[in-house]
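Dear colleague,

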Amino acid sequence: MRPEESLSRALPVIPSVQFSSTVASGAGPKLDRAARRMKFPGKKILPLLVFILSCFSILRLLKIAITTTTTSHSSPRAAALSSSIQQECSSSECSEVQSNAPGVESGPPKTVANSAFLIPKEFVFLSNLITNIAPCNLLVFGLQTQYLNLSSINAGGITVFLEDDPYKISLNKADSNGTRVYKVKYQVPAKKAYKLLKHARENPVCAPSTSLLQQSSCKLALRNLPQEVYQLKWDVVVVDGPIGDAPEAPGRMSTIYTASILARSGKTTNVVVHDVHRMIEKWFSWEFLCEENLVSAKGRFWNFRISNQSNDTRFCSSETVRIE
């Protein structure tokens with residue numbers, strides 16, 4: 001027996017296996033569908049990202065709101081005080097901090113910014129006004145150390161200061177025969193500003209033709225000032241008092257009204273009002289000194305130039321009064 005024959009008999013015959021094309025083609029679509037399921041198109045991812053970011057934003061806003069609420073409740077007494085002042089001044093805009101109110105002992109000014117003091121450009125503005133017409137008759141409602149310099153500028157003229165705070169009077173002594181300081185008393189608190197404005201509009205007794213202040217029945221008229229205030233013809237009247245910085249503190253309603261009447265009893269008078277950024281000063285200046293008479297302004301000063309109009313039945317020629 002040939003070796004080749006014996007080897008062929010010993011080895012088993014292994015049949016060849018062929019894969020049918022139908023099997024391969026049947027598995028293809030299933031694999032494609034599975035691959036498509038594993039993909040995340042951009043159109044589906046974008047809304048998901050937007051949703052996640054929106055959730056983070058909402059959570060952050062909630063955190064801020066909770067923090068703000070906690071802070072606002074940390075000082076209920078301060079919040080209550082602020083709300084009370086805002087309610088009392090809702091129609092008269094009084095100002096920053098209560099001080100020098102009736103029944104409170106006089107002493108150093110308690111305002112935070114002490115708005116009564118003049119900034120440099122305001123003092124220069126007022127000094128130039130006095131210099132141009134000196135010697136003159138100068139009346140000042142209010143007393144500050146800076147104002148005493150005006151009496152030096154007005155050498156040879158008459159300078160009169162009207163002040164309600166004994167502490168300021170004790171600090172600022174007049175040192176000239178032409179300068180006089182009088183203590184006065186103001187009764188009307190700033191919180192009554194709106195009612196007084198309404199009273200003046202509705203009552204003929206408050207009209208500018210009523211020049212006799214001492215006999216006037218208008219609630220805004222100051223009838224107990226020193227006699228020379230009513231007798232002299234004033235060239236300049238400065239309104240920087242009373243302090244008027246709180247609802248219960250005396251306001252400047254009467255001083256602005258009285259200044260307007262005094263100005264109309266002379267030939268030509270400059271009425272200079274300080275702190276016109278405050279609502280009361282602004283309202284009453286527009287009402288009784290009139291926008292048409294406003295000739296200049298600097299800082300918190302408005303300067304109104306008023307001629308003799310004692311026969312007029314109303315203060316301003318315009319029908320409406322500008323109130324902001």
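This is a predicted model: local features need pLDDT of at least 70, side-chain atom pairs count only at pLDDT 80 or more; totals for chains, interfaces and linings use all residues.

Residues are numbered from 1 along each chain as its sequence is written, and side-chain values use heavy atoms, with hydrogens and water left out.

Overall content

The chain contains eleven helices and seven strands; helices (H or I, at least four residues) and strands (E, at least two) are DSSP runs, numbered from the N terminus. Of the 324 residues, 40% are buried, where buried means under 20% relative accessible area, exposed over 50% and partly exposed in between, with a 1.4 Å probe and protein chains only. Of the contacts (heavy atoms within 4.5 Å) with a separation of 6 or more, 69% join residues 24 or more positions apart.

The sheet

Seven strands form an open sheet in the order β3-β2-β1-β4-β5-β7-β6, with mixed pairing; two strands pair if DSSP finds at least two bridges between them. The edges are held by β3 (179–183) and β6 (294–298), each with a single partner strand, so one side of each has no neighbour in the sheet. From one strand to the next the twist averages 15°. Here and below, axes are lines fitted to C-alpha atoms, for helices over the stretch in contact, and angles run from 0 to 180 degrees between N-to-C directions.

β1 (residues 137–141) and β4 (residues 236–239) pair in the parallel sense over four bridges, and Leu-138 has Val-236 of β4 as its bridge partner. The pairing of β5 with β7 is antiparallel and runs over seven bridges; there, Thr-269 is partnered by Ile-306 of β7. β6 and β7 are also paired in the antiparallel sense, over four bridges, with Ser-296 opposite Asn-303 in β7. The hairpin of β6 and β7 has two residues between the strands, and in it Gly-299 takes a positive phi near 60°. Five of the seven residues of β7 are buried.

What covers α11? The elements over its buried residues include α8, α10, β5, β6 and β7. Ten of the ten residues of α11 are buried, among them Lys-282, Trp-283 and Trp-286. Just after this helix, Cys-290 takes a positive phi of about 80°.

The axes of α10 (residues 253–264) and α11 (residues 279–288) come within 9 Å and cross at roughly 25°. These two helices are therefore roughly parallel to each other, on a scale where angles under 35 degrees count as roughly parallel, over 145 as roughly antiparallel, 65 to 115 as roughly perpendicular and the rest as oblique. The crossing of α10 past α11 is right-handed; a crossing is right-handed if the near helix is turned clockwise from the far one by less than a right angle, and left-handed if anticlockwise. From α10 the contact uses Met-253, Ile-256, Tyr-257, Ser-260 and Arg-264, and from α11 it uses Ile-280, Glu-281, Phe-284, Ser-285 and Phe-288. By class, six of these residues are nonpolar, two polar and two charged. In this scheme Ala, Val, Leu, Ile, Met, Phe, Trp, Tyr, Cys and Pro count as nonpolar, Asp, Glu, Lys and Arg as charged, and the others, Gly among them, as polar.

α8 (residues 193–202) packs with α11 at an angle of about 5°, their axes 11 Å apart, which makes α8 roughly parallel to α11. In this contact Ala-193, Tyr-194, Leu-197, Ala-200 and Arg-201 of α8 meet Ile-280, Trp-283, Phe-284, Glu-287 and Phe-288 of α11. The contact has eight nonpolar, no polar and two charged residues.

Residue Ala-263

Is Ala-263 buried or exposed? This residue of α10 is buried, with a relative accessible area of 0%. Leaving aside neighbours within four places in sequence, Ala-263 is in contact with Thr-269, Val-271 and Ile-306. Thr-269 and Ile-306 are the bridge partners mentioned above. The C-alpha atoms of Ala-263 and Trp-234 are separated by 6.8 Å, although the two residues lie 29 residues apart along the chain.

With kind regards
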